[in-house]
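Here is a short report for a first look at one chain. It starts with the whole and then turns to details.

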Amino acid sequence: MSGGSELRESFRQSRREMWVILAAWAFFLLWTGIACTILPPQELSNGTIPTVLGIPQWVVFAVVLPWIGALIFICWFALRFMKDTDLSSIEPAQPDGGESDS
């Protein structure tokens with residue numbers, strides 16, 4: 001099989017990409033989960049809710065910031081980390097025992 005080394009390199013790159021994506025997903029999941037636990041909705045003694053730019057403070061730190069962080073990560077990942085591997089030189093696998101169509 002020609003092109004086996006290209007296929008192995010493609011597999012290694014896709015496995016690296018998978019681990020980076022899973023680590024980022026776990027990080028943002030933990031950030032959101034921990035922040036939602038630590039910063040529950042609260043009301044001040046005068047009956048107002050603490051806000052940042054008109055959004056409840058806990059929503060900003062537990063939801064909005066992780067979303068913005070994930071968006072920045074996705075842009076970096078897609079534009080800088082992901083690599084396209086050239087598979088055009090790899091011959092397609094032939095079916096076992098297949099007969100010719102001609």
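## Basis

This is a predicted model, in which local features need pLDDT of at least 70, side-chain atom pairs count only at pLDDT 80 or more, and totals for chains, interfaces and linings use all residues. Residues are numbered from 1 along each chain as its sequence is written, and side-chain values use heavy atoms, leaving out hydrogens and water.

## Layout

The chain has two helices and two strands. Along the sequence they follow the pattern α-β-β-α. Helices (H or I, at least four residues) and strands (E, at least two) are DSSP runs, numbered from the N terminus.

Contact means heavy atoms within 4.5 Å. Among contacts between residues at least 6 apart in sequence, 67% join residues at least 24 apart.

## Surface

The accessible surface of the chain is about 8,300 Å² (Shrake-Rupley method, 1.4 Å probe). Carbon and sulfur atoms account for 66% of that surface. Of the 102 residues, 16% count as buried, meaning under 20% relative accessible area (1.4 Å probe, protein chains only).

## Helix 2

Helix 2 spans residues 57-81. It bends by about 30° at Val64, and Pro66 follows within four residues. The bend is the angle between axes fitted to the seven residues ending there and the seven starting there. Buried residues in helix 2 include Val59, Val60 and Pro66.

## Gln13

Gln13 lies in helix 1 (residues 4-38). Gln13 is buried, with a relative accessible area of 5%. Not counting residues up to four places away in sequence, Gln13 touches Phe81, Met82 and Lys83.

Notes. Buried < 20%, exposed > 50% of the residue type's maximum accessible area, 1.4 Å probe, protein only.
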